[in-house]
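Please read the numbered points alongside the sequence and the model.

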Protein chains: 2
Amino acid sequence: MTTAESTPKGTVSMANLTREEVGLATRNHGILLEALRYPVTPIGMHYLLTHYDVPALDPAAWTLEVGGLVTGPARLTLEDIMSRPRVTQRVTMECAGNGRIAMSPRPLSQPWGVEAVGTGEWTGTPLRGLLEEVGLSDDAVEVVFTGADSGTENGVEQRYERSLSVANALREEVMLVYELNGQPLPPQHGFPLRLVVPGWYGMGNVKWLSRITVVDEPFQGYQQSHAYRIRRHADEPGIPVSRIRPRALMIPPGIPDFYTRERTVAAGPTTLQGRAWSGFAPVERVEVSTDNGMTWADAVLEAQRDPYAWVGWSYGWQAQAGRHQLCCRATDADGNRQPLHPEWNLGGFECNAVQRVVVTVPER
Amino acid sequence: MTTAESTPKGTVSMANLTREEVGLATRNHGILLEALRYPVTPIGMHYLLTHYDVPALDPAAWTLEVGGLVTGPARLTLEDIMSRPRVTQRVTMECAGNGRIAMSPRPLSQPWGVEAVGTGEWTGTPLRGLLEEVGLSDDAVEVVFTGADSGTENGVEQRYERSLSVANALREEVMLVYELNGQPLPPQHGFPLRLVVPGWYGMGNVKWLSRITVVDEPFQGYQQSHAYRIRRHADEPGIPVSRIRPRALMIPPGIPDFYTRERTVAAGPTTLQGRAWSGFAPVERVEVSTDNGMTWADAVLEAQRDPYAWVGWSYGWQAQAGRHQLCCRATDADGNRQPLHPEWNLGGFECNAVQRVVVTVPER
């Protein structure tokens, strides 16, 4: 496992976890891995990371303010937004901190294993049309999205805010969303309105949207300039987290032990299945190892149905008596492939090291 | 804090938590405490504890088998069940392990803080009518409910199974449920059919129900005779967990810190609010302490609308600069009152010690 030379501030090297990490884990939740069986994740099984508190917003009183460097500032009601062109996209969303628990020393934050992912059918209106209507000024550089949720991080009190470059904000797939899986957006997923940026990690998909502001310089808010950056040292500016690295996950086969989650699988032919995704390019290949990454074989991939949603894969395995570590890894059409081991960084982001599932096959 | 004399097998005394506990915490999730604002918990915000895996059940192929010591064994389709008398009840459900993390030494299991609770509007058909139709034999003693989910616990491979005495199974409020909050039961809550036993901790509300068996002696399955018992030593039979002890929870006021979840509250008048419940009797009193349990004052209670659902409470607080520990506690009409400190037992059950919320009020 890749480790830093020391244990920097904000990280720990101990194997066990702190009360605060567990408090976060109990509050935020991953997908139940068996829910990888569904092409669209049922509400309540999609991963969920809530930075602060879910705010209480009255949809009748709520408005979206669109301002800053625009020709015609606007204030829209939910009705206004729902009367605009309507699109539905199937999008896989993943937390940028997914996989963090495997890093050593471990960044002190939400201790995700591999389960911080889900796929929704998101319905809303393209952002581009709205931005064109309000008219971006020539000196517009970024678009800032402000949520209604607030809290403190490292002593900095803030509303949750993230930005996109004008070029990214104008991409046709970026949308303002008011429905999930054919239902009004649940409170925990951003009711009444959220941003969805297909292909990007979760932090860009601002929930409980209340304001869109066009600005003429790079946004310096906490979640943009401090958090969500790949750094090895606290004093470097770091590289901003954006698109989702490739990952394949399998539905753990057999039956689990309650406490350890280790699996028991019956000897004989078993179909290993799961899903794979990348925010850079279509997934081109999924490989499976049943010997802890010593040897790999190709899984069968389903056809890609949606450009920003995961694809299904399957692999036939002859389970023989013994203890096995099953792994899977994805490679996308841009040549990005999952690493075998975590690539360490200070915040614990983009850790797409391969999933390992321990199974025991009893003698018949 | 109450502690045992030693650290028995299956418990730890360390402050930090194991990887397995965190794996469970990431998979199972509590209510987001701010969701106590809703009288009915939105789907996805209700607590969820899944012993094994959520099974994949095809509602067209699924049937419920009713057999054992009955006059006329039956096999019912989902359509059969949905054509029976339909009732909707608002019921507060809580995990029997809620509060476990406060115990010391700590039982190694799902490390709940205080958040393993939720209230649903459950729709289904009374169990009693069905049992009367199939006709219980005179020697019937218990009714066993078998789920479709299986796994191992402490080396024992099993389907999830729990029983009720005939008297409890025939109580009019016990129901077979196929809808939650007006929607088909979500997979994670037991689709297509679950048992709901109002007033009882979660373990009795068997999900993914596949079989009901009437038997002539007390059921000895793992979840009945081994798990979910109040014991101080592994070799005692213990007292079975059943009805929910009283508890009050507050919506944490102000805004949170992301990592510690400690709160910042503005000085001045603040309304503390929350909900309280008991599976024994109506909640009669909720008290609030703003000085870490030194002094207590009565909160205002809403009228009880549903016999098995929580009631709202509120309390006016003059927040003054400083760091405060806010507490609340419930007392029910049977005289059960929450303890200030956990009452230790080996499995970490029924720990209804008062909630403590740390807030800092800055100088103006």
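**Notes on the predicted model**

1. At 84% relative accessibility, Asp138(A) counts as exposed; the classes used here are buried (under 20% relative accessible area), exposed (over 50%) and partly exposed in between, with a 1.4 Å probe and protein chains only. Asp138(A) is found in the loop between α3 (127-134) and β7 (142-153) of chain A, where helices (H or I, at least four residues) and strands (E, at least two) are DSSP runs numbered from the N terminus.

2. The model is predicted, so local features need pLDDT of at least 70 and side-chain atom pairs count only at pLDDT 80 or more, whereas totals for chains, interfaces and linings use all residues. Residues are numbered from 1 along each chain as its sequence is written, chains are lettered from A and ligands numbered from 1 in the order in which they are written, and side-chain values use heavy atoms, with hydrogens and water left out.

3. Asp138(A) belongs to a negative surface patch together with Asp139(A), Asp216(A) and Glu217(A). Patches are made of residues with over 30% relative accessible area and no salt bridge, like charges being joined within 9 Å and nonpolar side chains (Val, Leu, Ile, Met, Phe, Trp, Tyr) within 5 Å. Asp and Glu count as negative, Lys and Arg as positive, while His and the chain ends are not counted.

4. Strand β9 (residues 175-180) of chain A is largely enclosed by the rest of the structure, because six of its six residues are buried. β9(A) pairs in the antiparallel sense with strand β6 (residues 117-126) of chain A over five bridges; two strands pair if DSSP finds at least two bridges between them. Within this pairing, Gly124(A) has Val177(A) as its bridge partner.

5. The hairpin of β9(A) and β10(A) has two residues between the strands, and Asn181(A) takes a positive phi near 50° in it.

6. Chain A also holds an open sheet of six strands with mixed pairing, in the order β16-β17-β24-β23-β19-β20. β16 (255-256) and β20 (297-298) of chain A stand at the edges with a single partner strand each, so one side of each has no neighbour in the sheet. Within chain A, β23 (residues 322-332) and β24 (residues 355-361) run antiparallel and are joined by seven bridges, Gly322(A) having Val361(A) as its bridge partner.

7. How many salt bridges are there over all chains? The count comes to 40, a salt bridge being a side-chain nitrogen of Lys or Arg within 4 Å of a carboxyl oxygen of Asp or Glu. In one of them, the closest N and O atoms of Arg90(A) and Glu121(A) are 3.0 Å apart. Arg90(A) lies in strand β4 (residues 87-94) of chain A and Glu121(A) in β6 of chain A, so the pair ties together parts that are 31 residues apart in sequence. Arg90(A) is buried at 16% relative accessible area, whereas Glu121(A) is partly exposed at 25%.

8. In chain B, Asp306(B) and Arg305(B) meet in a salt bridge at 2.5 Å, N to O. Asp306(B) is buried at 15% relative accessibility, and Arg305(B) is exposed at 56%.

Note on methods: Areas by Shrake-Rupley, 256 points an atom, 1.4 Å probe, with all protein chains shown as cover. Charge placed at Lys NZ, Arg CZ, Asp CG, Glu CD.
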